[in-house]
Every structure is written in C-alpha cells, then in structure tokens.
Amino acid sequence: MRPIAESPHARVAFGPGSLSQLGELLDGLAVGRVLVVTTAGRSSSLEPVLGAAGTRITGVAPIAREHVPAEVVQQAVQELDRLRADAVLAVGGGSATGLAKAIALERGVPVAAVPTTYAGSEMTSIFGVTDGDVKRTGRDARVAPRVVVYDPMLTLTLPASVSAASGMNAIAHAVEALYAPGVTDVVAAAAREAIRRLSESLPAIVKRLDDVPARTAAFAGAQAAGVALELAAMGLHHKICHVLGGSFGLPHALTHAIVLPHVVAFNSPAAVDAVAAVAAALGADEAEAGLHALNRALGLSQSLTDIGFDEADIPRAAELVATASYPNPRPVSVDDVRGILTRASRP
Ligand code: NAD
C-alpha cells in the first residue's frame, strides 16, 4: 500500500489493502449520503467496499449497463434524488463508472470510484450516454472521479475474458495516445508504461486469476492508460469502436481488442515512431503482429463476426466512421474503413 497520491482531479489510493483508505478519502469529499452504483450480480465484491465506506452509504443501485443507456441514467438520478444522496460511488468496471459520471453530469454531485476492471475510465473526465442507437460522448471536469481506490484484491474474481478485454481496451487508449496530435512526453511515457505493464501482466492473469502481483501491475497499467486517455485525443480506432458499439451493439472492450491491430497496421506508414514505440513496449518486433499475438495469448476472439457483427453492415458502418471528424495520423476514406472492417471481420 502506498501513501495517497494527489492528481489534478483525484486523490488516489493504490495497492493491495488500499480499500481500507476509502473511508478517509470519502471524508475528504465532505459528503454525507453516498449512492453506490454498480453492475448487476456484483454483491460479493460490493460487501467489502460497503464495509470500508461505512455509514455514509445510503443506497445501492445495481443497474449500470454497458454503453450507459439514457433510461438507466434517469432511473439512477431518480434514486439519487429519492435518497437525497450528495455523492455517487462507482464500484466495478467502465460501465459502473460511466453511470456515476452521467449522474454527476445531471446533478453536479462528486464521483468516487473503486474500479474492478482495467478500463481506466476512473482517470478521465470523459462521459458517454447512449440514447437509442446513438452514443453521445464528451468531456466535462465535473464527471472526473475525485477519489479513486485501486485495490487489486477486488479484482481476483474478474474472469479471464473480462480481464483480458478490458486490459486490451486500455492498451488501445495508450496506442492512440502515442500518435495523437501534440502528444507530450508525459503522455507518451504514460502510454508506453501502460502498454508494457498490461502486456506483461494480462497473460499471467489469464493463467492464474489470483496472481496478486500481476493484478497489481495490471492496475498500474490501467491507471497509466487512463491518464494517457485523459490527456490525448483519440483517433480512427476509437471512432470505429464507438460506431460498432453505439450503432451495432457490439461489446465495447472486445471490439477494441479485435480492431486495434488492424488500425495500427493502417496507421503505421503515417506514425512510424509511435508505432515503433508500441512494438517496443509490447516487447515485439512489430506492433501489428505483437498485438495479434497478445490477443491470441489472452484467448480473445480475432474476428468481429465471432462477436456478432454482420459483414453486410460494413458499408453503413464505414460511412458512419468516415464522415465523422476525429484526429488521425493518416487521412481516412470510406474505402479504407471498409478494408479495415473487412480484415477485422475475418479470422
Ligand atoms: P464493464 O464495466 O461492462 O464490466 C464487464 C463485466 O464485468 C460486467 O458484467 C461486470 O459486472 C463484471 N465485473 C466487473 N468487475 C468484476 C469483478 N471484480 N469480478 C467479477 N466480475 C466483474 O466492462 P469494462 O470493460 O470495465 O467497461 C466498458 C465500458 O466502459 C464501456 O461502456 C466503455 O465505453 C466505458 N469506458 C469509458 C472510458 C472513459 O474514459 N469514459 C474509458 C474506458 C471504458
């Protein structure tokens, strides 16, 4: 367990046993009535968190869902109002943190987070809410968690598949940060460290879920990836995953894992140094091959069709991606996106 660290947004406790610091951190927020949000079926991981948070907890809403549906946000806001809660504590992965952020956006209450996956959302001021089949995202300082506790002991139950996919999602943030416009040395260092820590620890975790040093290293990587995401603008890879998740219902993290090597291959000629840094951080000769090998080592699907994508949707998806605006090191045409989606759809 390390001393509590300060960052512009958050006070952060890190390491095995750091959950014991949650009460002190919540005291620092000067809040009295805290609503906990989480995904369904997480009651066993919730117990120690509720114990550490103490009597401030006024209610639990186990209603968080992937992509933060607008109707779930409304339900959670009603619960916050009904309980007269003055803060929200997310316990879980990016879905729980995403719901807490959406509540903060509506009511201005502070957010605390106890992450239990490697998505890294707890380090960012980025929110997203899905209305119908359109996901609206943005940045707002009010949603950035002000308290974060990374206790790897809470992740020992995280299945291999979610550990691997959420970790690859974090690696994708780090990769795109490396070729983002105006990337600074601090961002690049965080991104390289994220890729290195996650690519070393994730294979160990899928072999042995209760490997505490590997779980701790993966959290360090997740935090670094979240910092890189907060400080950099994401490119083509994120736009593709955003469209595939928001408009075609594909699972967020797994989509990232499958698409990433294909986008890296596409961007390589226009981002030679950044892509070389990705390869070096992976310990691979070449970034695209290294990312494919990592996906294979983690037992993840290698094809979008395996996870429910219909190749007949490629033209519509490509149109949505190519007409959106986002920074990318290489200009992107509709045909380019079609090519990437076609390659990512086939094993
Ligand atoms: P998730 O939060 O949807 O969790 C996946 C599954 O794992 C859920 O069923 C959850 O209940 C379960 N789970 C979580 N922790 C567990 C544990 N310790 N033991 C057992 N099961 C556990 O998945 P995720 O990959 O963490 O998050 C994906 C979401 O996060 C997406 O909606 C994505 O858009 C968002 N995200 C946002 C940002 C941001 O900065 N805004 C960054 C990354 C991801």
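## Domain interface

About 2,200 Å² is buried between domain 1 and domain 2, and carbon and sulfur atoms give 62% of that area; buried area is the accessible area (1.4 Å probe) that two parts lose on being put together, summed over both. The model is predicted: local features need pLDDT of at least 70, side-chain atom pairs count only at pLDDT 80 or more, and totals for chains, interfaces and linings use all residues. Residues are numbered from 1 along each chain as its sequence is written, and side-chain values use heavy atoms, with hydrogens and water left out.

The chain is assigned domain 1 (5-155) and domain 2 (160-344), with bounds from an automatic or database domain assignment. Their C-alpha centres are 25 Å apart. In contact (heavy atoms within 4.5 Å) are 26 residues of domain 1 and 32 residues of domain 2.

## Ligand position

Both domain 1 and domain 2 give residues to the shell around the ligand, so the ligand lies between them. The shell holds 26 residues, of which Thr39, Ser95, Thr116, Thr117 and Thr124 come nearest; a residue is near if one of its heavy atoms lies within 4 Å. Helix 5 gives the largest share of this shell, 4 residues.

## Polar contacts and burial

An oxygen atom of the ligand lies 2.6 Å from a polar side-chain atom of Ser95. Nitrogen atoms of the ligand also take part: one is 2.9 Å from an N or O atom in the side chain of Arg42, and a nitrogen atom is 2.9 Å from a polar backbone atom of Ile126. The protein buries 85% of the 870 Å² that the ligand exposes when taken alone, with areas from the Shrake-Rupley method and a 1.4 Å probe.

Terms used
Polar contact = N/O pair within 3.5 Å; in protein donor to acceptor, adjacent residues only side chain to side chain. Helix = DSSP H or I, 4+ residues; strand = E, 2+ residues; numbered from the N terminus.
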